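I opened the notebook to jot down what I looked up in this structure today. Here are my entries, in the order I made them.

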Amino acid sequence: MLAQLLIRFLVGGLFVSAFSALGIIFKPKSFAGLFGAAPSVALATLALTVGTRGPLYAATEARSMLGGAAAFFVYAWCAMFLLHRYKPPTTVVTSALLFLWLAVALSLWFLFLRPGA
Amino acid sequence: MRARVDLSALADTTWKEYALRFLLGGAITVATGLIARKFGPAVGGLFLAFPAIFPATATLIATREKDEKRRAGLDGKFRGRDAAAIEARGTATGTLGLLAFALIVVGELRSSAIRPEVHQSWIEGHLLPNHQPWLVLVAAAAAWFLVAVLFWRLRIALQRNSS
């Protein structure tokens, strides 16, 4: 169990760091921003999940990822709008909006993605 | 506007910044696994698209931009937040690619897991007949990049036409 968590941590850290490095080297900023929504955690998780629990389990996770990705779009759009329009402190707005991501993601899951919905 | 590569930016990033991204990435991957174990894959899957490192990245960009302006004798507070807003706009575009990624993975992996010869919907099994999971993930990552770049170019073209 502990070894699995450690492997998960290392693989996740490597994928996120690799995509993050790509985001650093690309210019302009709007293009580099694409890598903020790279499927780094998804690739790490799904690669490990397919190996340990099989493709159907991984496909179920990927189906719910649709809700998470739609919530991420709402999150990033709201962050862009608030930072551009009202210029609040970046840390405050991007951290507070994580609750919005959670609310949108769970709502989409409840309405469309939960088993039996 | 064209995308270009600037490798010197790698040297401008400190080891502390790299370490922060590694730690956050590792932590959210572990958390996703634990959530899936506790609540099932249908809930855990939501967190595959959790904006794990965006707050840290946006804050670093805003701070760096602010410091640059301060060195030039200007108050760069608002300029830093504008830079973070531009990053967020790119990230919002990237999430459209994330949807394409998830659609391909769900379609192809379901198809390979249930009955390889029977495809249950328009997307299942049409792209990768061999259904090798690693190939599905590589193809989905490529689709993420292509869709994200396509929408980025589309937005640039629309902006150019409206100005």
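Entry 1, a helix pair. I started with helix 3 (residues 40-53) of chain A and helix 4 (residues 55-85) of chain A, whose axes come within 7 Å of each other. Their crossing angle is roughly 150° in this predicted model. Angles over 145 degrees count as roughly antiparallel, so helix 3 of chain A is roughly antiparallel to helix 4 of chain A.

Entry 2, who touches whom. Next I listed the residues that make this contact. Helix 3 of chain A brings A42(A), L46(A), T49(A), V50(A) and R53(A). From helix 4 of chain A come P55(A), Y57(A), A58(A), E61(A), A62(A) and M65(A). Sorted by class, the contact of these two helices holds eight nonpolar residues, one polar residue and two charged residues.

I then stepped back to chain A and found five helices and one strand. Read along the sequence, the pattern runs α-β-α-α-α-α.

I looked up how chain A is divided, and noted domain 1 (1-53) and domain 2 (66-117). Taken over C-alpha atoms, the centres of the two domains are 20 Å apart.

I noted that the C-alpha trace of chain A spans about 45 × 40 × 25 Å along its principal axes. Chain A has 117 residues, and 56% of them count as buried. Last, I checked the contacts in chain A with a separation of 6 or more: 53% of these are between residues 24 or more positions apart.

Technical notes
Residues are numbered from 1 along each chain as its sequence is written. Chains are lettered from A and ligands numbered from 1 in the order in which they are written. This is a predicted model: local features need pLDDT of at least 70, side-chain atom pairs count only at pLDDT 80 or more; totals for chains, interfaces and linings use all residues. Domain bounds come from an automatic or database domain assignment. Axes are lines fitted to C-alpha atoms, for helices over the stretch in contact, and angles run from 0 to 180 degrees between N-to-C directions. Helices (H or I, at least four residues) and strands (E, at least two) are DSSP runs, numbered from the N terminus. Angles under 35 degrees count as roughly parallel, over 145 as roughly antiparallel, 65 to 115 as roughly perpendicular and the rest as oblique. Two residues are in contact if their C-beta atoms, placed from the backbone, lie within 7 Å. Ala, Val, Leu, Ile, Met, Phe, Trp, Tyr, Cys and Pro count as nonpolar, Asp, Glu, Lys and Arg as charged, and the others, Gly among them, as polar. A residue is buried if 20 or more other C-beta atoms lie within 10 Å of its own, exposed if 12 or fewer, and partly exposed in between; C-beta atoms are placed from the backbone.
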